[in-house]
Amino acid sequence: MSETKTIYIADDEGSIRTAIKAFLEKAGFEVSDFENGDLLLEAFADKPSDLVVLDVMMPGSNGFVVCKELRKISTVPIIILSARDSDLDYATGLDLGSDDYLSKPFSPMALVKRVEAIFRRIEFEKERNS
């Protein structure tokens, strides 16, 4: 990963946003966080990020809605991070186009490793298709 990758986070819990942001920034990513999905969508329309992390249960547009809206305009990798952990929730998130789904409580290190794995896969695909 030669250039700094940008990540947008939407979660209505400030403590979770702060923790995710700290771990991702420590891993070398540039992170912007938003308290709801509508703010993330506005920011993405102005300047798309390289990856998005979404909570499902937020006021306004929930994570599933945001995922669906992002898929209309972008192939940006999306990780859903939610306390909703039923099989139906996982299936819904993946069916709407998310690349991964992590349940809360979660390990911030596991999230960082999943983000890094997604970016490695993207780089590999770019190199292979060059």
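In which helix is the place of Arg120? Arg120 lies in helix H5, which covers residues 108–128, where helices (H or I, at least four residues) and strands (E, at least two) are DSSP runs numbered from the N terminus.

## Basis of the model

This is a predicted model, in which local features need pLDDT of at least 70 and side-chain atom pairs count only at pLDDT 80 or more, while totals for chains, interfaces and linings use all residues. Residues are numbered from 1 along each chain as its sequence is written, and side-chain values use heavy atoms, with hydrogens and water left out.

## Arg120

Arg120 is exposed, with a relative accessible area of 53%; buried means under 20% relative accessible area, exposed over 50%, and partly exposed in between, with a 1.4 Å probe and protein chains only. Arg120 and Leu24 stand 96 residues apart in sequence and, from C-alpha to C-alpha, 15 Å apart in space.

## Helices H2 and H3 together

The axes of helix H2 (residues 37–46) and helix H3 (residues 63–73) come within 10 Å and cross at roughly 15 degrees, which makes H2 roughly parallel to H3. Axes here are lines fitted to C-alpha atoms, for helices over the stretch in contact, and angles run from 0 to 180 degrees between N-to-C directions; angles under 35 degrees count as roughly parallel, over 145 as roughly antiparallel, 65 to 115 as roughly perpendicular and the rest as oblique.

On the H2 side the contact (heavy atoms within 4.5 Å) is made by Gly37, Leu40, Leu41 and Phe44, and on the H3 side by Val66, Glu69, Leu70 and Ile73.

## The two sides of H2

Gly37, Leu40, Ala43 and Phe44 are the buried residues of H2, and because they cover an arc of only 120 degrees around the axis, they are on the same side of H2. The arc is that of the directions from the helix axis to the C-beta atoms. These buried residues of H2 pack against strand S1 (6–10), strand S2 (30–34), S3 and H3, whereas the face of H2 turned away from its buried side carries the exposed residues Glu42, Ala45 and Asp46.

In H3 the buried residues include Gly63, Phe64, Val66, Cys67 and Leu70, and their arc of only 160 degrees around the axis puts them on the same side of H3. The buried residues of H3 pack against H2, strand S3 (51–54), strand S4 (78–82), helix H4 (87–95) and strand S5 (100–103). Lys72 and Ile73 are exposed residues on the face of H3 turned away from its buried side.
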